[in-house]
Amino acid sequence: MKYIIMKIASVTLTRLGNKVLKSSDRMKQEKDNKMKVIFLDIDGTINSYEYYVSDRCTGNLNGVEGDIDPLCAERINRICKETGAKIVLSSDWRINWPYCIDRIEKGGVEHGLIIDKTPEHMWVEHCTGDFLDWSSRGSEINDWLSQHPECDRFVILDDRKDFTEEQKPNFVHVNPMRGLDDDDVNFAIQILNR
């Protein structure tokens with residue numbers, strides 16, 4: 001029995017590991033060209049209070065399904081399709097990398113759109129207790145951008161507001177009560193296609 005569980009875990013990790021490897025390959029391919037990026041938060045952005053109390057919510061089944069509003073997932077897919085953008089996770093969900101990719105894709109975000117995650121400055125502060133000047137989500141995005149000069153356009157989709165002044169023209173503040181709506185999508189497309 002122990003062998004079977006270990007074998008299943010090994011196959012799962014191998015499959016998820018291959019998905020990450022494929023994501024890194026996509027990043028290398030994108031470096032030759034300019035790219036557009038969506039810095040995506042999850043909670044309050046592609047799920048919301050209204051979703052959790054609606055008939056659309058299937059509930060969290062073993063921590064794998066039900067956390068993503070299918071309507072919001074469709075909206076993310078639309079932004080990517082209309083702009084050619086890829087997704088970099090800035091959500092706290094990235095702490096559970098690469099498992100979160102499976103969970104988000106099972107929620108309806110198209111396979112292959114998530115290519116990376118931002119660094120985890122905030123979690124360094126929480127784990128060490130040391131205050132770090134660079135512990136905002138905006139600083140994590142700046143760090144990612146500084147390492148990826150091929151990114152020439154970006155939009156931030158988030159219900160939080162801890163972003164730099166320079167990032168605010170690229171920021172779409174999503175109402176966490178309703179999640180990503182059509183107005184947010186149109187604004188994001190406009191930002192990415194400037």
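User: Which residue in E3 does leucine 89 stand opposite?

Analyst: This is a predicted model, and in it E2 and E3 run parallel and are joined by 3 bridges. Leucine 89 belongs to the residues with the most contacts inside the largest nonpolar core. Across the pairing, the residue in E3 that stands opposite leucine 89 is lysine 117.

User: In what order do the strands of the open sheet lie?

Analyst: The sheet has 5 strands with parallel pairing, and its edge strands, each pairing on one side only, are strand E3 (114–117) and strand E5 (171–173). Neighbouring strands are turned by 25 degrees against each other on average, direction ignored. Read across the sheet, the order is E3-E2-E1-E4-E5.

User: What is the bridge partner of methionine 35 in E4?

Analyst: E1 pairs with E2 through 4 bridges, in parallel, and there valine 37 has lysine 86 of E2 as its bridge partner. With E4, E1 pairs in the parallel sense over 6 bridges. In that pairing with E4, the bridge partner of methionine 35 is cysteine 151.

User: How many of the residues of E1 are buried?

Analyst: From E1, Met35, Val37 and Phe39 point one way, while Lys36, Ile38 and Leu40 point the other way, and all are buried. E1 is thus described as mostly covered, and the number of its residues that are buried is 6 of 6.

User: Which residues have the most contacts inside the largest nonpolar core?

Analyst: In soluble globular proteins, nonpolar side chains tend to be buried together. Here the largest nonpolar core has 31 residues, and the elements giving two or more residues to this core include strand E1 (35–40), helix H3 (70–83), strand E2 (86–89) and helix H4 (99–106). Apart from this core lies another, of 13 residues, among them Phe39, Ile115, Leu145 and Phe154. Inside the largest core, the residues with the most contacts are Ile38, Leu40, Ile76, Ile79, Ile87, Leu89 and Leu157.

User: Which residues does isoleucine 76 touch, not counting residues up to four places away in sequence?

Analyst: Isoleucine 76 is one of the buried residues of H3, and it is also among the residues with the most contacts inside the largest nonpolar core. Leaving out residues up to four places away in sequence, isoleucine 76 touches Leu40, Ile46, Ile87, Val109, Leu157 and Leu180.

User: Against which elements do the buried residues of H3 pack?

Analyst: H3 has 14 residues and reaches 20 Å from its first C-alpha to its last, close to the 20 Å expected at 1.5 Å a residue. The helix lies across E1, E2 and E4, running at about 165 degrees to E1. Its buried residues, including Cys72, Ala73, Arg75 and Ile79, pack against E1, E2, E4 and H7.

User: At about what angle does helix H6 run to E4?

Analyst: Helix H6 covers residues 137–146 and lies across E1, E2, E3 and E4. Relative to E4, helix H6 runs at about 160 degrees.

User: Is glutamine 167 buried or exposed?

Analyst: Glutamine 167 is found in the loop between E4 and E5. Leaving aside its neighbours within four places in sequence, glutamine 167 is in contact with Gly138, Ile141, Asn142, Phe154 and Ile156. Because its relative accessibility is 1%, glutamine 167 counts as buried.

User: What is the peptide bond from tryptophan 97 to proline 98, cis or trans?

Analyst: Most residues other than glycine have a negative phi, and most peptide bonds are trans. Proline 98 lies in the loop between E2 and H4. With omega near 5 degrees, the peptide bond from tryptophan 97 to proline 98 is cis.

User: How many disulfides does a search of the whole structure find?

Analyst: Cysteine 72 counts as buried because its relative accessibility is 0%, and cysteine 151 counts as buried because its relative accessibility is 11%. For a disulfide, two cysteine sulfur atoms would have to lie within 2.5 Å. The number of disulfides found in a search of the whole structure is 0.

User: What percentage of the residues in the chain are buried?

Analyst: The secondary structure of the chain comes to 7 helices and 5 strands. Among contacts with a separation of 6 or more, residues 24 or more positions apart account for 69%. Of the 194 residues in the chain, the buried ones make up 47%.

Methods:
Residues are numbered from 1 along each chain as its sequence is written. This is a predicted model: local features need pLDDT of at least 70, side-chain atom pairs count only at pLDDT 80 or more; totals for chains, interfaces and linings use all residues. Side-chain values use heavy atoms; hydrogens and water are left out. A nonpolar core is a set of buried Ala, Val, Leu, Ile, Met, Phe, Trp, Tyr and Cys residues joined through side-chain atoms within 4.5 Å. Buried means under 20% relative accessible area, exposed over 50%, partly exposed in between (1.4 Å probe, protein chains only). Contact means heavy atoms within 4.5 Å. Two strands pair if DSSP finds at least two bridges between them. Axes are lines fitted to C-alpha atoms, for helices over the stretch in contact, and angles run from 0 to 180 degrees between N-to-C directions. The expected span of a helix is 1.5 Å times one less than its number of residues.
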